[in-house]
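Hello,

Here is the structure for you to look through. Please open it alongside this message; my notes follow below.

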Amino acid sequence: MAMKDTIAQIRKENGLTQEEMARDLFVTRQAVSRWEMGETSPSIDMVKLICVKYSVPLERFFDMPMEYYCQSCSMPIPDPQLHGTEADGSESQSYCKYCYQSGDFTAKGVDMDEFIEATAQMEADALGVSREEAVSLMATLLPHLKRWSGGNQ
């Protein structure tokens with residue numbers, strides 16, 4: 001689904017007019033209209049705001065299913081060698097090898113904020129962004145993942 005369609009769908013799911021969505025996002029109605037017409041696209045920061053404001057996962061803006069991402073750290077795991085392992089040694093379908101081994105999380109006893117703090121620099125280095133941008137991105141992504149949303153395994 002194209003970004004313009006995703007934005008329109010989110011607006012309609014929330015029962016909003018373009019004017020109401022614009023007010024929620026601190027932009028003009030014309031900006032929302034241009035996004036929905038595909039004339040322009042919102043910045044990544046605006047996409048993150050849309051996700052937070054309307055409680056939708058960032059992945060919804062991309063053509064990749066949630067299963068494509070580690071459900072702990074959000075790292076893409078397209079390669080089976082990147083998958084973690086279950087207690088019986090089988091491949092985990094939900095978690096990467098850095099977060100999950102032998103049926104348990106490698107970072108135990110941490111909450112989401114502590115996890116973000118501990119892994120933000122690695123994320124920043126991997127994405128080529130500042131640490132602050134990585135923290136912001138992770139704070140948007142992680143609440144929608146199984147580990148942090150309460151759907152642990």
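Phe26 counts as exposed, because its relative accessibility is 72% and the cut-off for exposed is over 50%. Keep in mind that this is a predicted model. Phe26 sits in the loop between α2 and α3. Its phi is positive, near 65 degrees, and the residue is not a glycine. Most residues other than glycine have a negative phi.

Ser74 also has a positive phi without being a glycine, at about 80 degrees. Look for Ser74 in the loop between α4 and β1 (83-85). Is Ser74 buried or exposed? Ser74 counts as buried, because its relative accessibility is 5% and buried means under 20%.

Next, the two helices on either side of the Phe26 loop. Helix α2 covers residues 18-25, and helix α3 covers residues 29-37. Their axes come within 8 Å and cross at roughly 110 degrees. The two helices are therefore roughly perpendicular, as angles of 65 to 115 degrees count that way. The crossing is right-handed. On the α2 side, the contact is made by Gln18, Glu19, Met21, Ala22 and Leu25. On the α3 side, the residues are Arg29, Val32, Ser33, Trp35 and Glu36. By type, the residues of this contact are five nonpolar, two polar and three charged.

Now to helix α4, residues 44-54. Which residues of α4 are buried? They are Met46, Val47, Lys48, Ile50, Cys51 and Tyr54. These buried residues pack against α1 (3-13), α2, α3 and α6 (131-141). After α4 comes Ser55, with a positive phi near 50 degrees.

Last, the core. The largest nonpolar core has 34 residues. Met21, Trp35, Ile50 and Leu142 have the most contacts inside it. The elements that give two or more residues to this core are α1, α2, α3, α4, β2 (91-96), α5 (112-127) and α6. Which element gives the most? That is α4, with five residues.

Leaving out residues up to four places away in sequence, Ile50 touches Ile10, Leu25, Trp35, Ser55, Val56 and Phe61. Among them, Leu25 and Trp35 also take part in the contact of α2 with α3.

Best wishes

Conventions. Residues numbered from 1 in each chain as written. Predicted model: local features only at pLDDT ≥ 70, side-chain atom pairs only at ≥ 80, totals over all residues. Heavy atoms only, no water. Axes fitted to C-alpha atoms, helices over the stretch in contact; angles between N-to-C directions. Helix = DSSP H or I, 4+ residues; strand = E, 2+ residues; numbered from the N terminus. Parallel < 35°, antiparallel > 145°, perpendicular 65-115°, else oblique. Left-handed = near helix turned anticlockwise from the far one by under 90°. Contact = heavy atoms within 4.5 Å. Nonpolar A, V, L, I, M, F, W, Y, C, P; charged D, E, K, R; others polar. Buried < 20%, exposed > 50% of the residue type's maximum accessible area, 1.4 Å probe, protein only. Core = buried A, V, L, I, M, F, W, Y, C linked by side-chain atoms within 4.5 Å.
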